[in-house]
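This report reads one protein model from its strands to its core. Please keep the sequence and the structure in view.

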Amino acid sequence: MFSLSPAAQRQLDQHFEGKDKEPIRVYLAAGCGGPRLGLALDEPKPGDATFEQAGYSFLMEQSLFDAAKPVEIDFNDQWGFVVKSSMQFPEGGGCSSCGGGCGH
């Protein structure tokens, strides 16, 4: 299952207002806060699963989706876009570029 929250849809609608809606990739990102699922504009690749939600195309490597499902794209004012899934990530350690508290 793949879903888009109403809050995330509103943010995407604002971002893409007057623009072409480009495909959005859900990917495994690594950073000082530890691994997490992130979002980026991208083009489809072989092996991708594609999900249509509220007029938007979301891309995700099929193997990553299989490991992460269900996946929900959400938005909140504190963290911005948040990708929720069944994947469990270890809490990240601190780093100098984010003041040591960037585990989200």
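## The β4-β5 hairpin

In the hairpin of β4 and β5, two residues lie between the strands, and Ala54 takes a positive phi near 55°. The model is a predicted one. β4 and β5 pair in the antiparallel sense, over six bridges. Within this pairing, Asp48 stands opposite Glu61 in β5.

## Overall layout

The protein chain has two helices and seven strands. Along the sequence they follow the pattern β-α-β-β-β-β-α-β-β. Of the 104 residues, 33% count as buried. The chain exposes about 6,300 Å². Carbon and sulfur atoms supply 51% of that area.

How many of the contacts between residues at least 6 apart in sequence join residues at least 24 apart? The share is 50%.

## The four-stranded sheet

Four strands form an open sheet in the order β3-β2-β5-β4, with mixed pairing. β3 (36-41) and β4 stand at the edges. Each has a single partner strand, so one side of each is left without a neighbour in the sheet. The twist averages 30° from one strand to the next.

β2 and β3 run antiparallel and are joined by six bridges. Ile24 stands opposite Leu41 in β3. Arg25 has Ala40 as its bridge partner in β3. The two strands, β2 and β3, form a hairpin with six residues between them. In that turn, Gly34 has a positive phi of about 95°.

## The nonpolar core

In soluble globular proteins, nonpolar side chains tend to be buried together. Here the largest nonpolar core has 20 residues. Those with the most contacts inside it are Phe2, Phe58, Met60, Val71 and Ile73. Which elements give two or more residues to this core? They are β1 (2-4), α1 (6-15), β2 (24-29), β4 (48-53), β5 (56-61), α2 (62-68) and β6 (71-76).

## Aromatic pairs

A search of the whole structure finds five aromatic pairs. One of them joins Phe2 and Phe58. Their ring centres are 5.2 Å apart and their planes meet at 40°, so the pair is tilted. Phe2 lies in strand β1 and Phe58 in strand β5, so the pair ties together parts that are 56 residues apart in sequence. Both Phe2 and Phe58 are buried.

Phe75 and Phe81 form an edge-to-face pair, at 5.1 Å centre to centre and 70° between the planes. Phe81 counts as partly exposed, because its relative accessibility is 35%. Elsewhere, Phe2, Phe51, Phe58 and Phe65 form one aromatic cluster.

## Gly80 in β7

Gly80 is found in strand β7 (residues 80-84). Why does Gly80 count as buried? Its relative accessible area is 17%, and buried means under 20%.

Leaving aside neighbours within four places in sequence, Gly80 is in contact with Asp74 and Phe75. Gly80 and Gln11 are 69 residues apart along the chain. Their C-alpha atoms are separated by 9.2 Å.

Methods: Residues numbered from 1 in each chain as written. Predicted model: local features only at pLDDT ≥ 70, side-chain atom pairs only at ≥ 80, totals over all residues. Heavy atoms only, no water. Core = buried A, V, L, I, M, F, W, Y, C linked by side-chain atoms within 4.5 Å. Buried < 20%, exposed > 50% of the residue type's maximum accessible area, 1.4 Å probe, protein only. Contact = heavy atoms within 4.5 Å. Areas by Shrake-Rupley, 256 points an atom, 1.4 Å probe, with all protein chains shown as cover. Pairing = 2+ DSSP bridges. Axes fitted to C-alpha atoms, helices over the stretch in contact; angles between N-to-C directions. Phe/Tyr/Trp six-rings, centres within 6.5 Å; stacked < 30°, edge-to-face > 60°.
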